[in-house]
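Please look through the sequence and the model below before reading on. The briefing then takes the chain topic by topic.

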Amino acid sequence: MTRLLRAVVVAALILGIWQALVTAFAVPGYILPPPTRIAAQLMAQPEFLARNAAVTAIEIVIGLIVGAGLGVATALAASLFPAAGRVLLPVMVASQALPVFAIAPLLVIWLGFGLASKIVMATLIIFFPVASAFLDGLRRTDPGLLDLAAISGASRFDTLRLIRLPSALPGLASGLRVAAAVAPIGAVVGEWVGASAGLGFVMLQANARMQTDMLFAALFLLGLMALLMRALVDALARRMVPWIAETET
C-alpha cells in the first residue's frame, strides 16, 4: 500500500505540473494536449479504446508466455549441453542485433496482418532477456554446492533440480521483470507496420489525423499495461524466490 500510495502521489504531481505548464505557456493542443483533454478522450471513446487495448494485451501476454518459455528452454539447453550452447549463444546475440523495424515488415509478409506476426515480434524481443538472465544464473551456481552434489552421488538431473535451478531462479526473475517492461514494444512495432486493430493501429490513425490527445490516450493505456504486467511478474517472482523477496523494501 505504501508503494502504491507513493506511485499515486508521484503521478499526480507529474500530471499537475504538466497541466500547469501547458496552461501557463498556452501550448497548442495538437503539440502537447493537457492531461484533462487526454482524460476526456479516454472517457469519450471507452469502448473503442478498450477493444483495441484488448487486442494489444492478448499479443503481449501470449508473446510473454512464448518468449519466456523459449528463453528458459534455450538457457537450459545451453547450460546442460555445452556444444549446443556454442551454437545457441551466437544466434541469441544476432537476434538482438537486428533492428526490430527491419524484422517487422518481413513477419507481416510471412504471417499476415493478424495476431501471429505481432506475437512473434513480441516473442523475439522477450526471448533474449529471459534466456540471458536465466543462463547467467545457471552458470553462477556455487561450485561448493556442485562439488557436494558430486560427492553425494547425485545424478545430473538431481543436481539440476535441487541445486542449479533454485540458484538460478533470482536471475530468471530479473529476466522476467525486464521482459515485462519491453513486452509491449514488439506488439506495438508490429501493429505500426501493419494491423487493423490494437493500440499501435490507434496511434498511427491518430497521428495521421493530428489527434494528439488520442495518441496520448493510447500511450497511457500502453503504459498502464506495462505497469500491470510488471506487477504480475513481481508477484510471480515473490513466489519463485521468496527468500529474495523477503529482503526487498
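This is a predicted model: local features need pLDDT of at least 70, side-chain atom pairs count only at pLDDT 80 or more; totals for chains, interfaces and linings use all residues.

Residues are numbered from 1 along each chain as its sequence is written, and side-chain values use heavy atoms, with hydrogens and water left out. The protein chain has 11 helices and 0 strands, where helices (H or I, at least four residues) and strands (E, at least two) are DSSP runs numbered from the N terminus.

**Overall fold**

- Read along the sequence, the chain has the pattern α-α-α-α-α-α-α-α-α-α-α, and its C-alpha trace spans about 75 × 50 × 30 Å along the principal axes.
- Of the 249 residues in the protein chain, 38% are buried; buried means under 20% relative accessible area, exposed means over 50%, and partly exposed lies in between, with a 1.4 Å probe and protein chains only.
- Taking the contacts between residues at least 6 apart in sequence, 74% join residues that are at least 24 apart, where contact means heavy atoms within 4.5 Å.

**Helix contacts**

- Helix 2 (residues 35-44) and helix 10 (residues 212-240) have axes that come within 8 Å and cross at roughly 75°, and that makes helix 2 roughly perpendicular to helix 10.
- Axes here are lines fitted to C-alpha atoms, for helices over the stretch in contact, and angles run from 0 to 180 degrees between N-to-C directions; angles under 35 degrees count as roughly parallel, over 145 as roughly antiparallel, 65 to 115 as roughly perpendicular and the rest as oblique.
- On the helix 2 side the residues are Arg 37, Ile 38, Gln 41 and Leu 42, and they meet Asp 213, Met 214, Phe 216, Ala 217, Phe 220 and Leu 221 in helix 10.
- The residues of this contact of helix 2 with helix 10 divide into 7 nonpolar, 1 polar and 2 charged, where Ala, Val, Leu, Ile, Met, Phe, Trp, Tyr, Cys and Pro count as nonpolar, Asp, Glu, Lys and Arg as charged, and the others, Gly among them, as polar.
- The axes of helix 3 (residues 46-80) and helix 9 come within 7 Å and cross at roughly 130°, which makes helix 3 oblique to helix 9.
- In that contact Phe 48, Leu 49, Asn 52, Ala 53 and Thr 56 of helix 3 meet Leu 199, Gly 200, Phe 201 and Val 202 of helix 9, giving 6 nonpolar, 3 polar and no charged residues.
- Helix 3 also packs with helix 4 at an angle of about 135°, with the two axes 6 Å apart, and the two helices are therefore oblique to each other.
- Here Thr 74, Ala 77, Ala 78 and Leu 80 in helix 3 meet Pro 82, Ala 84, Gly 85, Leu 88 and Met 92 in helix 4, and these residues divide into 7 nonpolar, 2 polar and no charged.

**The largest pocket**

- The largest pocket has a volume of about 1100 Å³, where a volume is the space filled by probe spheres set on grid points, and the points are joined across faces, edges and corners.
- On a 1 Å grid over the protein atoms alone, a pocket is an open set of points where a 1.4 Å probe fits, with protein on both sides within 12 Å along at least five of seven lines, and lining residues have an atom within 4 Å of a point.
- The lining consists of 25 residues, and Ala 7, Val 8, Ala 11, Leu 224 and Leu 227 lie nearest the centre of the pocket.
- Helix 1 (2-24), helix 2 and helix 10 are the elements that give two or more residues to this lining, and helix 10 gives the most, with 11 residues.
- By class, the lining of the largest pocket has 19 nonpolar, 1 polar and 5 charged residues.

**Single residues**

- Ala 26, in the loop between helix 1 and helix 2, has a positive phi of about 50° although it is not a glycine, and Ala 26 is exposed, with a relative accessible area of 60%.
- Met 210, in the loop between helix 9 (199-208) and helix 10, is exposed at 51% relative accessible area, and its phi is near 60°, a positive value in a residue other than glycine.
- Ser 95 lies in helix 4 and counts as partly exposed at 24% relative accessibility.
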